[in-house]
Each structure stands twice: as structure tokens, then as C-alpha cells.
Amino acid sequence: MEFSNLRDVKETIMSEISSQLKDLKESLPELCTLVAVSKTKPVEDILSAYNTGHRDFGENKVQELTRKAEELPKDIKWHMIGHLQRNKVKYIAPFVHLIHGVDSFKLLKEINKQGRKSDRVIDCLLQVHIAEEDTKFGFDKIELEEILSGKDLKDLAHVCIKGLMGMATFTEDTNQIRREFRLLKSIYEETKNSDHTNVQMNTLSMGMSGDYKIALEEGSNMVRIGSAIFGARNY
């Protein structure tokens, strides 16, 4: 396809993003939250999705997230979906909507500290390691239960645990992916009834562009999808 000028290229990209996002949202269950993963994508692409009425966007790098948050509309709900270092929490604490990948109690304490400084409660998901890949972060089941049943959690008044998240192994073996998602769903059901006032589990975040359909079948109510909306990324 040939374009007469750069404007034609941009308009075509914007139209494709809007169409793909609309089709995707129509295919999801009513109570499922779609996080449009906009990492590496320009603000123009995000605005194309925003102008359809979508508000939940995910980034995996703090520097990119803070830059985009400054440039884009303030009613966007920003999700931090990448591995978060403790020394970077302060940069997103004033505005982040949900932190997905909390994988240590030390990180949770730092989020609470920065939430106190920003005078707000920061919603978080605890990341559970369900994949066979060693590169994935997250708690195992025992560590998760220790945190949710421990006394120290009640002292973190500026965080609220909204649920769990996890990533399946990157593989073409759909049976393995299904087993891993099913495991996370069972852990979620076993741990969601915590006695702590700052635990209000209602979110199970699992599923990305390549495996979200399996995740939905296994009980996910939040999916993180990027390339199926914005197209392939150029790193």
C-alpha cells in the first residue's frame, strides 16, 4: 500500500488501532478489564486508543511511564506492568492507578512509604510465579500465604492488595499455559478471603496478546494486551 504523505500513514495507523481495540473489547467478557499495553508506542498511538473511550494503559518502564503521564490526558488510568525496582517507586507513586508486579514484601513496604508521602492509597497486585521459566518474577504459594496471613501487612495503610497477577511460560504448548493459569486461579480462590482491611481481592490479572483467550477461559478478569491493539513493536 502506498501513501501520498505522512498524514495518510498516521491516519491509517490511527484507524487500525481504533478498529482493533473496538473489536477486541467487544470480544471480551463484560466484567473483564482490558489494559492496553502501550510500551514503546508513541503518544499519538495512545491517543488513538484514548479517543475511542479507552482509559486503561500499561507501561513496563518507569521513565517511559512518567513521561507519557505528563504528556497525555490526566484521566488515563496508568498500570505499571513491568518489574519495578524499589528506588523507582517514588516517581510513579503520585499518580499510578495499579502496580501489577509486586514480587517482594520489601517492594510492598516501599510502595506504602511512597503512598504515605503522596497522601494516597496505592492499589497493587501480588505477582505469583507460575511459569516454569526461571526468568519470571513472583512469589510462590507459600510466600504468598505468609504475606497475606502475616501481621506486618496490616501496618501498610497506604497500599491495598487488589488481587494477583501472573505470566505463563512463553511456549506453544497450550496445555502447559492452561495448567499454569489454572494454578493461579486456584491460588487466587484460596487466598482472596484475607482478614486484613487493606486486602480487597477482586482482580486476577493474567493473559497477554498470545494467550489471553486461554486466560479468560481459566478465570482471568484482567488482560494485558499490546500487539493485538497497537501492532508489532520496534525496539
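**Note on charge pairing, charged patches and cysteines in a predicted model**

1. Glu 71 and Arg 67 form a salt bridge in which the closest N and O atoms are 3.6 Å apart, where a salt bridge is taken as a side-chain nitrogen of Lys or Arg within 4 Å of a carboxyl oxygen of Asp or Glu. Both residues belong to helix 3 (residues 62–71) and sit 4 residues apart, about one turn of the helix; helices (H or I, at least four residues) and strands (E, at least two) are DSSP runs, numbered from the N terminus. Glu 71 is partly exposed at a relative accessible area of 48%, and Arg 67 is partly exposed at 38%, with buried meaning under 20% relative accessible area, exposed over 50%, and partly exposed in between (1.4 Å probe, protein chains only).

2. On the basis of these values, the structure is a predicted model, in which local features need pLDDT of at least 70 and side-chain atom pairs count only at pLDDT 80 or more, while totals for chains, interfaces and linings use all residues. Residues are numbered from 1 along each chain as its sequence is written, and side-chain values use heavy atoms, with hydrogens and water left out.

3. Over the whole structure, the search finds 12 salt bridges. One of them joins the side chains of Arg 182 and Glu 218, at 2.8 Å from N to O. This pair links distant parts of the chain, 36 residues apart, with Arg 182 in helix 7 (residues 174–191) and Glu 218 in the loop between helix 8 (212–217) and strand 8 (222–225). Arg 182 is partly exposed, with a relative accessible area of 48%, whereas Glu 218 counts as buried at 11%. The two residues also take part in a network of salt bridges that links Arg 178, Arg 182, Glu 217 and Glu 218.

4. A further salt bridge brings together the side chains of Glu 189 and Lys 192, at 3.1 Å from N to O. Glu 189 is partly exposed, with a relative accessible area of 33%, and Lys 192 is partly exposed as well, at 28%.

5. Lys 90, Lys 113, Arg 116 and Lys 117 form a positive surface patch; patches are made of residues with over 30% relative accessible area and no salt bridge, like charges being joined within 9 Å and nonpolar side chains (Val, Leu, Ile, Met, Phe, Trp, Tyr) within 5 Å. Helix 5 (residues 105–117) gives the most to this patch, with 3 residues, while Lys 90 lies in helix 4 (residues 89–92) and is partly exposed at 45% relative accessible area.

6. A negative surface patch is made up of Asp 140, Glu 143, Glu 145 and Glu 146. Of these residues, Glu 143 is found in helix 6 (residues 141–149) and is partly exposed, with a relative accessible area of 35%.

7. As for the cysteines, the search of the whole structure finds 0 disulfides, a disulfide being a pair of cysteine sulfur atoms within 2.5 Å. Cys 32 is in no disulfide, and the nearest cysteine sulfur to its own, that of Cys 160, is 20 Å away. Cys 160 is likewise in no disulfide, its nearest cysteine sulfur being that of Cys 124, 8.4 Å away. Cys 32 is buried, with a relative accessible area of 11%, and Cys 160 is buried at 6%.

Key. Accessible areas come from the Shrake-Rupley method with a 1.4 Å probe; for residues, only the protein chains shown count as cover. Lys and Arg count as positive and Asp and Glu as negative; His and the chain ends are not counted. The place of a charge is taken as NZ of Lys, CZ of Arg, CG of Asp or CD of Glu.
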